[in-house]
Amino acid sequence: MAMQGQRRDAMALTRQGERAFEKMEKINAELFVVTYGSLVMQLLQDNSDNVDVVNKELDTIGYNIGVRLIDEYLSKSMTPCKSFKDTAEATAKVGFKMFLGVSAHVHNWSEDGKSYSLILEDNPLTTFAELPDRYSDLWYSNVLCGVIRGALEMVSWKVEVAFVKDQLKGADCTEIRVTLLKQVSEAFRQDDD
Amino acid sequence: MLYSVFIFNKFGTCIFHEDYNSGDQRKGVWVPTPKEANKFKLTAGLVHSVKHFILAVAKKEDLADGFFGLQTNSYKLHSFETATGYRMVMLTDTGVSFAEAKQPLREIYSNAFVEFVAKDPSYEHKKLCVITNTAFRDHLLVYLKQLSFFSTPAEELQH
């Protein structure tokens, strides 16, 4: 009985994702993917091929995108998330679908329910990309981790997000691990200055 | 009749305020004066306190939308809070029903706020960052002017 309920919720979220995707303005996918690729290449050049720095930069860029994207996500999809588990499904089925056009799956929940993986079978960002050996430690789509982190932080979930597997590196799928650090309570305070 | 609109961020700072139908036309970018700052703090505190009062007092089953408004003899305050902690507040006269103000508050969020503030690279979700984007103000004014209750006084509204 619980399984049926879960399947119904998952289908409802999938439909919501598709509806939200339809409401979004679209741009040419190739333009987007190629622009992203140029951004990564430029970052590598600017940082003398230092892969660790670029990984961090991509995460920061993603964070700045995520804190802005969350309001658009909230205004276009009416998914009230009451628990961390809800946010996982909403991110995968609605968030990813709305902004990337592909949905993800939630897998590998940890025992304490504080950690899960997002599996992407198809990552549009890597459509034309190939990773040379000297960049083997680069997480090419690390921007996605930053986006998830920024977006969730704005709705009071402080999380750690990192890539586990990347198809660009030969893995069978793309996997991003999301771990809950803490839930931040309301930040309201009067400034006395 | 719509008196004014406030937007507060999650830190309780008033990041936007505009009076309508008051006779003065503000020009240029919105810059809060120290005199107004007190008024904003009071309003922010009021909305915050009432919301928490309701959460503490109401039974869980009754809590659908949370706090969405309060009314006195002479005015009504309508509030909408987003999951990101932003509060859109409208002050109107008593002729505007709470139900009628719900959708406009959400539209202020999704059409004006998301488009011109959230997506504006010069706006940051920091404590003291206010909305300085004139496009937001103009767009908001255009939207508000076409609302049925924008400048219609209470006596003339059909309820």
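**Exercise 1. The charged pair across the interface**

Task: Identify which side chains of chain A and chain B meet in a salt bridge.

Solution. A:Glu72 and B:Lys119 pair up, with 3.0 Å from N to O. The model is predicted, and side-chain atom pairs count only at pLDDT 80 or more. A side-chain nitrogen of Lys must lie within 4 Å of a carboxyl oxygen of Glu. The distance of 3.0 Å for A:Glu72 and B:Lys119 therefore qualifies under that limit. Last, take the total: the rule finds 1 salt bridge across the interface of chain A and chain B.

**Exercise 2. Which element of chain A supplies the contact side?**

Task: Find the element that gives the largest share of the side of chain A touching chain B, then sort the residues of that side by type.

Solution. Start with the polar contacts: 8 residue pairs link chain A and chain B, both partners at pLDDT 80 or more. Then turn to the elements. Helix H3 of chain A, residues 51–76, contributes 8 residues, the largest share of this side. Now sort by type. The side of chain A that touches chain B holds 7 nonpolar, 2 polar and 7 charged residues.

**Exercise 3. The extent of the interface**

Task: State how many residues of each chain are in contact, and how much area chain A and chain B bury between them.

Solution. Count the residues. Chain A brings 16 and chain B brings 28. Then take the area. The two chains bury about 1,900 Å² between them. Carbon and sulfur atoms carry 52% of this area.

**Exercise 4. The fold of chain A**

Task: Give the order of elements in chain A, and explain why chain A is as compact as a globular protein of its length.

Solution. Count the elements: chain A has 5 helices and 4 strands. From the N terminus they run α-α-α-α-β-β-α-β-β. The C-alpha atoms fill a box of roughly 50 × 50 × 40 Å along the principal axes. Of the 193 residues in chain A, 46% are buried. Finally, among contacts between residues at least 6 apart in sequence, 61% in chain A join residues at least 24 apart.

**Exercise 5. The fold of chain B**

Task: Describe chain B by its elements, burial and sequence separation of contacts.

Solution. Chain B comes to 3 helices and 5 strands. Along the sequence the pattern is β-β-α-β-β-β-α-α. Buried residues form 47% of its 159 residues. Of the contacts in chain B with a separation of 6 or more, 55% involve residues 24 or more positions apart.

Conventions. Residues numbered from 1 in each chain as written. Chains lettered and ligands numbered in written order. Predicted model: local features only at pLDDT ≥ 70, side-chain atom pairs only at ≥ 80, totals over all residues. Heavy atoms only, no water. Contact = heavy atoms within 4.5 Å. Buried area = accessible area lost by both parts, 1.4 Å probe. Polar contact = N/O pair within 3.5 Å; in protein donor to acceptor, adjacent residues only side chain to side chain. Helix = DSSP H or I, 4+ residues; strand = E, 2+ residues; numbered from the N terminus. Nonpolar A, V, L, I, M, F, W, Y, C, P; charged D, E, K, R; others polar. Rg over C-alpha atoms; globule rule 2.2 N^0.38 Å. Buried < 20%, exposed > 50% of the residue type's maximum accessible area, 1.4 Å probe, protein only.
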